[in-house]
Structure formats: C-alpha cells, structure tokens
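I opened this notebook to record what I looked up in one protein structure.

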Amino acid sequence: MATERAYAGIDLGGTKILAVIVDPEGTVLASEEQPTLAAEGPESVMARMADMVRRLIAASGREVSALGVATAGTLDPETGTVLFAGNLGWTRVPLGQTLERELGLKVRVENDANAAAYGEWKAGAGRGTRHCVFVTVSTGIGGGLICDGRLVRGLTASAGEIGHITIDWNGPVCGCGNVGCMELYASGTAIGKAGSAAAAADPAAGRAMLDLAGGEASRITSREVAAAAAGGDPLASKLLRDAGRALGVGLASVVHLANPELIILGGGASKIGAPLLQPMEEALRRHVIPSLGENVRIVPPQLGVPAGAIGAALITE
C-alpha cells in the first residue's frame with residue numbers, strides 16, 4: 001500500500017521557528033518548535049531548519065515531496081531568495097535553494113502573512129469560500145488576499161500590505177515612509193501609544209490605565225487600554241472606538257479592492273472584542289459601497305499560531 005502523501009511547512013520568525021507536517025486537509029501530523037537564534041547567522045538557522053524537517057518526516061511516517069517556508073521580509077518568489085528581512089538581519093539569503101539542496105525537496109518560500117491567509121482559507125475559517133481576505137491586527141496590521149480561489153502574491157510576494165492603506169493623507173509619517181497609514185491608528189502598537197499619550201496629557205482621566213501600568217504612562221500598551229475599557233473607563237473606551245473606526249475605514253477600502261465574501265480578522269488586538277470590533281464594523285458598513293459590503297461576513301480565525309506553517313505547507317500542493 002502506497003504511503004499517504006503529506007506536506008512540510010515552516011514558519012520562520014524573528015524569535016522562533018515552527019515546523020509542521022500536515023495532511024492534504026491541513027491536519028497537523030507532527031510539529032517541532034525551536035528558537036530562531038538569528039544572531040548565529042543564516043547558515044546555522046537554515047541547517048537547523050533542515051534538521052527539523054528531517055526529524056518530522058521520520059516521525060510522521062508519510063511521503064513528503066515539498067516544503068513551504070513562511071517568512072517576513074521582501075522576497076524573490078521565483079528563486080526563493082530572502083532579499084531583505086529586518087527581523088532576521090538577512091539580506092539576499094538563498095533560503096529556497098539552500099533547503100532544496102539540503103533536503104532534496106521542492107521548496108517554496110512565501111510571505112508569512114500570505115501563508116497564514118492561505119492556511120486559514122484552505123484549512124481554517126475560510127474553508128469553502130472563493131473570495132476571502134485575512135487581516136491580522138497586532139503589533140502592526142498585515143493580511144493576505146484570496147481572489148477566485150487563488151492567493152494574490154504580487155511582484156515580490158508582498159501583496160496584502162493592508163496596514164499601509166492611507167486613511168489620512170495629512171497624518172503622521174509611518175515607518176514605511178508613507179503618511180497616515182491605517183496601522184498608525186488601529187494596530188495594537190497604535191492603541192498603546194494613544195493610551196500612553198492620553199494618560200500623560202491628563203493623568204486624572206487616564207487613572208485607570210495608569211493604575212494598570214504601575215503608574216507610568218510610558219508603560220501603557222493596548223493590553224492596559226483594553227483592560228481599562230473592559231472595566232468601563234470612558235477614556236480607554238473612547239480610544240478603542242477611535243481605533244475601531246480607523247480599522248473599519250481601512251477595511252472598507254479593502255472590500256472595494258478585493259470584493260470578498262469573508263474577512264477573517266485575527267491578531268492579538270482583534271481579541272479585544274466589542275469595544276474595538278463594534279465601532280470597526282459600524283464604520284465599515286457606513287463607508288463601504290452597499291452592493292459590495294452587504295454580504296461580507298467578519299469571522300475570527302480558526303488555526304491560531306500554526307496558521308503560517310500550515311499555509312506554507314499546503315501552498316506547495
């Protein structure tokens with residue numbers, strides 16, 4: 001009897017490497033996690049990645065012919081080269097070619113947000129749809145687009161930079177060089193900065209957030225803002241309403257561009273719940289063209305942390 005086929009996937013992050021073997025439905029058959037230790041250099045990191053895959057293939061007992069790798073940064077999708085990845089300190093690293101030589105497998109290198117989007121579409125909350133947008137709201141805002149059952153990758157596998165949609169052309173300068181980007185208003189980082197600034201400007205109004213941060217405005221993050229809002233604090237609640245509205249305005253542009261049937265909304269900040277998500281949905285419905293937005297559903301992701309590794313594996317099919 002022929003060995004059942006399976007796929008290998010790796011999510012290569014700045015702090016950890018997660019490797020998986022999955023079946024064609026995206027079920028994880030085996031997994032391993034290690035610290036990235038990027039300071040040791042690309043050769044060391046890639047050698048450990050190859051060792052992880054070898055161990056997992058042996059543990060799964062499946063026939064594996066391909067490996068997908070999800071990583072942040074600018075990529076050359078044709079050669080599998082990481083052109084630049086700031087979180088790893090890598091420039092022009094031949095990731096795909098090196099792993100192909102080491103493992104004797106076909107290797108595909110994919111942007112990490114795109115891989116997570118593909119994983120959620122293929123094996124998670126987007127299963128069964130043809131037009132789907134994945135959005136992650138955490139330190140920054142990223143995403144991926146599935147249109148007509150295909151991942152939209154772009155020239156450097158960087159399509160879906162949803163956080164850098166301009167929602168205020170007179171706004172502050174973003175780290176990307178643009179101005180007024182959505183992630184400056186609606187990311188977890190933005191919510192924390194807004195809370196810190198508001199509490200420093202008016203300590204009496206910001207008392208609830210300050211108490212949660214040990215009395216120091218500079219230590220306020222989105223976590224303290226969310227906790228204060230959950231306790232009924234008016235200032236924290238206003239900050240989340242503002243962030244939610246900004247997110248909704250940005251998502252309206254995404255709907256106009258991609259015309260999806262489903263938005264999968266994930267990331268740590270998205271778990272704040274109604275204080276952020278209700279004003280987000282209200283703003284989205286208010287600003288979107290009705291014929292494009294009336295049937296769009298917004299749902300949470302299902303795969304969690306392994307989404308990128310699972311998506312990277314399945315994208316090699």
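The entries below cover the cores and then the pockets.

**Basis.** I am reading a predicted model, in which local features need pLDDT of at least 70, side-chain atom pairs count only at pLDDT 80 or more, and totals for chains, interfaces and linings use all residues. Residues are numbered from 1 along each chain as its sequence is written, and side-chain values use heavy atoms, leaving out hydrogens and water.

**Cores.** I looked up nonpolar cores, meaning sets of buried Ala, Val, Leu, Ile, Met, Phe, Trp, Tyr and Cys residues joined through side-chain atoms within 4.5 Å; buried means under 20% relative accessible area with a 1.4 Å probe, protein chains only. The largest core has 41 residues, and V133, V135 and I141 are among those with the most contacts inside it. I noted that α8 (234-258) gives the most to this core, with 12 residues. Helices (H or I, at least four residues) are DSSP runs, numbered from the N terminus. A second, separate core of 32 residues includes L12 and A38.

**Pockets.** On a 1 Å grid over the protein atoms alone, a pocket is an open set of points where a 1.4 Å probe fits, with protein on both sides within 12 Å along at least five of seven lines; lining residues have an atom within 4 Å of a point. I found that 42 residues line the largest pocket, with D112, A113, T136, S138 and G142 nearest its centre. Its largest lining share, 4 residues, comes from α3. The second largest pocket is lined by 16 residues, of which α5 supplies 5, the most.

Key
Buried < 20%, exposed > 50% of the residue type's maximum accessible area, 1.4 Å probe, protein only. Helix = DSSP H or I, 4+ residues; strand = E, 2+ residues; numbered from the N terminus.
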